[in-house]
Amino acid sequence: MLLEGRSLARRQRFEITQLGIARTFQNIRLFGEMTALENVMVGTDARHRTSVPGALFRMPRHYAEERAATEKSMALLEFVGIADRAADKARNLPYGYQRRLEIARALSTEPKLLCLDEPAAGFNPAEKDELVALIRKIREDGYTVLVIEHDMRVVMGVTDRIVVLEFGRKIADGEPEAIREDPAVVAAYLGVPTMALLELDGVAVHYGRIQALAGVSVSVEAGEIVALIGANGAGKTTTMRAVSGLRPLSEGRVVFDGEDITRLRADLRVRRGICQAPEGRGVFPGLTVLENLDMGAYTRKDRRSAAYRDDLDHVFELFPRLAERRDQAGGTLSGGEQQMVAIGRALMARPRVLLLDEPSMGLAPQIIQQIFRIISSINEQGTTVLLVEQNASQALALAHRAYVLETGRVVQHGTGRQLLDDPSVRNAYLGVA
Ligand SMILES: Nc1ncnc2c1ncn2[C@@H]1O[C@H](COP(=O)(O)OP(=O)(O)O)[C@@H](O)[C@H]1O
Ligand SMILES: [Mg+2]
């Protein structure tokens, strides 16, 4: 085992720290009776140059160093977000704070390599998200980080490269996207093969001689919000049409819930649970709100049932404005209200995946916020969402994962966060350098 070409074999633990490796432990190992600050200072001491006589005689240089070490330790507590409890004994800190304190202590040795052993152990999803943010921040600060973790969301959220071990053997090594799809990993890790709910595989679509999509591969897992972003004309709507069956493919295939639906008629796709709120909303102007919503349920045979009324109630709960306007003609609604009708109508078909094409288009910022919040709650209630948006920053903030389309091709994909932070995406789509 080598660090920068130097062997680590037969070295003492302190030597390894001095060479530049710091770690945290799966089971927290803090000095419980010491304060948070003192726990970090122990780490800075590992780097201290003050000689023992210097410390004994309290030379001025020693004080200066101690002050510097205190400041540095406080800065580290600040960095990991627990400076408010610096003076508390480690054993009195909440669990999440103790985990962060361990990381601060490890960083205090100024490691070249930071090793985190199951840092997310015992965390709830919100804490895991915070941890992911912290690890990213550490990385952005220039540290190299080795994470040992089994939580795939955490792993996918922070890594550039993944090595997969099984029973002491390496079974895969590569970039996260490749690992996620690696059959050996999937089989070993999950025991069962996973399948995307919706998958576009090498899809090409033509309008006459114009090729609108080429080799587009997109996968949407059950429970996700996946966003497609891209400039006007990039092929976003065409991708939606390929999914909903409104446009035939010239190459590739569409798989839904394990079934190849490439050649399935659009109305049969709706019956399978692929429901679209189309671009431009498509509200019938002469029909009332209620009649418009009912159109969404046209494939259903249970329109007199309690289930049907429940679904209608549910739509009115999501969109109270529509409840007030149930007898108003679609054509007289505002843009925001029409968008609500379009989404509500798609919901009436009981979607398993809801396709939303530019739901924010032409709406006032406040209404956009409201629509995005509703999309998020629809998703939390269990509906998978494929969202097309030109409003990239909001779409990326909302989506679990996203794909960037440029002139009919996928040019990037990643988690919403990754793309939000990506300089080229920021440049091209978020209007910031
Ligand atoms: N009905 C059509 N006939 C011919 N070309 C079309 C048609 N619809 C879209 N296109 C072309 O396909 C490309 C992708 O369009 P589209 O999918 O609507 O993009 P987006 O939704 O990203 O704005 C564009 O070049 C567009 O001009
Ligand atoms: Mg479009």
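## Strands β16 and β17

In this predicted model, L405 has V410 in β17 as its bridge partner. Strand β16 (residues 401-406) and strand β17 (residues 409-415) run antiparallel and are joined by six bridges; two strands are said to pair if DSSP finds at least two bridges between them. Strands (E, at least two residues) and helices (H or I, at least four residues) are DSSP runs, numbered from the N terminus. The hairpin of β16 and β17 has two residues between the strands, and T407 takes a positive phi near 35°.

On the parallel side of the pairing scheme, β16 is joined by four bridges to strand β10 (residues 225-229). Within that pairing, V404 of β16 stands opposite I229. Strand β16 is largely enclosed by the rest of the structure, because five of its six residues are buried. A residue counts as buried if 20 or more other C-beta atoms lie within 10 Å of its own, as exposed if 12 or fewer do, and as partly exposed in between, with C-beta atoms placed from the backbone.

Strand β11 (residues 251-256) pairs with strand β8 (residues 198-207) in the antiparallel sense over five bridges. In this pairing V255 of β11 is the residue opposite E199.

Strand β11 also runs antiparallel to strand β12 (residues 259-260), to which two bridges join it. Here F256 stands opposite E259 in β12. The two strands form a hairpin with two residues between them, and D257 in the turn has a positive phi of about 50°.

## Surroundings of ligand 1

The shell around ligand 1 consists of Y207, I210, A212, G230, N232, G233, A234, G235, K236, T237 and T238; a residue is near a molecule if its C-beta atom, placed from the backbone, lies within 6 Å of it. Both β9 (210-220) and α10 (236-244) supply at least two residues of this shell. The most is given by α10, with three residues.

By residue class, the shell divides into four nonpolar, six polar and one charged. In this division Ala, Val, Leu, Ile, Met, Phe, Trp, Tyr, Cys and Pro count as nonpolar, Asp, Glu, Lys and Arg as charged, and the others, Gly among them, as polar.

## Residue G335

G335 lies in helix α15 (residues 335-347). With 13 other C-beta atoms within 10 Å, G335 is partly exposed. Apart from neighbours within four places in sequence, G335 is in contact with G362 and L363, a contact requiring that the C-beta atoms of two residues, placed from the backbone, lie within 7 Å.

Between G335 and L114 the C-alpha to C-alpha distance is 52 Å, and the two residues are 221 residues apart in sequence.

## Overall organisation

The protein comprises 19 helices and 17 strands. Its C-alpha trace spans about 90 × 45 × 40 Å along the principal axes. Of the 433 residues, 35% are buried. Among contacts with a separation of 6 or more, 64% involve residues 24 or more positions apart.

Domain 1 (2-159) and domain 2 (198-429) divide the protein, with bounds that come from an automatic or database domain assignment. The centres of domain 1 and domain 2, taken over C-alpha atoms, are separated by 45 Å.

## Conventions

Residues are numbered from 1 along each chain as its sequence is written, while chains are lettered from A and ligands numbered from 1 in the order in which they are written. As this is a predicted model, local features need pLDDT of at least 70 and side-chain atom pairs count only at pLDDT 80 or more, whereas totals for chains, interfaces and linings use all residues.
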